[in-house]
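Open your viewer and get ready to select and colour. This tour goes one stop at a time.

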Amino acid sequence: MPLAPLTTFELGGPARFFCQATTSENVGWALRWAGDQNLPVFVLGGGSNVVVGDGGFAGLVLQLVVRGTEFRSQGDHVVLEAQAGEPWDDVVAAAVARDLAGIECLSGIPGTAGATPIQNVGAYGQEVADTLRSLRVLDRRTLEARELPAADCGFAYRNSIFKREPGQAIVLSVCFALRPGARPVLAYRELANALADRARPSLSEVREAVLDLRRKKSMVYDASDPNRRSAGSFFTNPIVSADVAAAVSTQAVGERLVQAPEEVPQFPLPDGHVKLAAGWLVERAGVKRGLRMGAVGVSSRHALALVHHGGGCTADLIRLAVHVRDTVAARFGITLQPEPVFLGVAWPPLPSE
Ligand SMILES: Cc1cc2nc3c(=O)[nH]c(=O)nc-3n(C[C@H](O)[C@H](O)[C@H](O)COP(=O)(O)OP(=O)(O)OC[C@H]3O[C@@H](n4cnc5c(N)ncnc54)[C@H](O)[C@@H]3O)c2cc1C
């Protein structure tokens, strides 16, 4: 089964076996079958955060297409339960339409509801860990389903136990605790600026503003967009010590990239570390938006998005990604880490590693 059409990069070879699970029971059945054949299993959602190797995957790719969304009132909250295969943006749209606050800034993110906890999906000042209450997961070893409180998911910036320890559990459904009629979160400056003329923006206005900002950066999947074949941001924002962050600012001023250290985008974290903006590092290291390397390139609208323009292969994409990583490392001494998950191909280590 070709996997390229099932990924937003539209790259990569075939899966030896492929199965779509339309019910949770199907998931258990497929895992049992693969276990009997001694085959590795990869769980696929919408394919919007996966890099598949050109040789494909010599195991079973199990795509979760289990659908359904339910709303239940619980005290002063409404619990939204979405089955894993539900398209994420439909879930957000349904919550916003019911005036339920908590996930409105996560509008327009491609993929499925079940994948959102994997890297603790986040954007525009919100992340799923803020409102996720619990998950129903299937233990891949025992094949037993159980409820997992969000507090046990080890959420961090673009990370969770699911990403740190892949292959342990399959997310069957996710439960969010949303606040009826609550004010939207406008913690992200770009979003707050876009809504500055509204005294009290509604959740729908926030959703529209987020979609608008995302469209301008090709961060909403659009079949007519030349930047559409991507995984969104290819690199995560690096989290560094305060000393390293200060050194980057000093270097940027010394090299006249900025006039004052405050102009270097930096986000101090509660534990004393500092989050740097990967896109800023990429552009200031000299990698330009719109750069082309054959069939792949950097998005013309976002320095962090690597794009396949058609007719290329995964090796081309990885060559470009390594070029970007190494250019930033050579200029700033900071090693960018890729955000997508690699299947059937490994992310190459730095030459010094
Ligand atoms: C244009 C664009 C914009 C994007 N913007 C953002 C953004 O703003 N913020 C952000 O955080 N991400 C963003 N992404 C990345 C991506 O959309 C998210 O990570 C999304 O949650 C991936 O969902 P998916 O269903 O496509 O997962 P896939 O790509 O199919 O899988 C991703 C990982 O999750 C695992 N997985 C999937 N479903 C399950 C399941 N049910 N149980 C266990 N494991 C599972 C897979 O095995 C794999 O490891 C963007 C991507 C694109 C293409």
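Domain bounds come from an automatic or database domain assignment. Keep in mind that this is a predicted model.

**Stop 1: the domains**

Colour three ranges. Domain 1 covers 4-64, domain 2 covers 69-216 and domain 3 covers 239-343, according to the domain assignment. Now keep domain 1 and domain 3 in view. Their centres, taken over C-alpha atoms, lie 31 Å apart.

**Stop 2**

How much area do domain 1 and domain 3 bury between them? The value is about 1,200 Å², with 66% of it on carbon and sulfur atoms. The size of an interface is often given as the accessible area lost when the parts come together.

Next, look for links across this interface. How many salt bridges does the rule find between domain 1 and domain 3? It finds zero. Polar contacts are another matter: nine residue pairs make them across the interface, with both residues at pLDDT 80 or more.

**Stop 2: Phe332**

Go to helix α8, residues 314-332, and select Phe332. Is Phe332 buried or exposed? Its relative accessible area is 8%, and buried means under 20%, so Phe332 is buried.

Show what surrounds Phe332. Beyond its neighbours within four places in sequence, Phe332 contacts Val248, Gln251, Leu257, Trp280, Leu281, Arg284 and Ala285. Pick Val248 from that list. Phe332 and Val248 are 84 residues apart along the chain, yet 6.7 Å separates their C-alpha atoms.

**Stop 3: Ser107**

Move to the loop between β7 (100-101) and β8 (122-123), and select Ser107. Is Ser107 buried or exposed? The relative accessible area of Ser107 is 0%, which is under the 20% cut-off, so this residue is buried.

Which residues does Ser107 contact, leaving aside its neighbours within four places in sequence? Show Asp89, Val92, Arg207, Val210, Leu211 and Arg214.

**Last look**

Zoom out and show both residues again. Phe332 is in helix α8. Ser107 is in a loop between two strands, β7 and β8.

Definitions and conventions. Residues are numbered from 1 along each chain as its sequence is written. This is a predicted model: local features need pLDDT of at least 70, side-chain atom pairs count only at pLDDT 80 or more; totals for chains, interfaces and linings use all residues. Side-chain values use heavy atoms; hydrogens and water are left out. Buried area is the accessible area (1.4 Å probe) that two parts lose on being put together, summed over both. A salt bridge is a side-chain nitrogen of Lys or Arg within 4 Å of a carboxyl oxygen of Asp or Glu. A polar contact is a pair of N or O atoms within 3.5 Å; within protein, one must be able to donate a hydrogen and the other to accept it, and residues adjacent in sequence count only if both atoms are side-chain atoms. Helices (H or I, at least four residues) and strands (E, at least two) are DSSP runs, numbered from the N terminus. Buried means under 20% relative accessible area, exposed over 50%, partly exposed in between (1.4 Å probe, protein chains only). Contact means heavy atoms within 4.5 Å.
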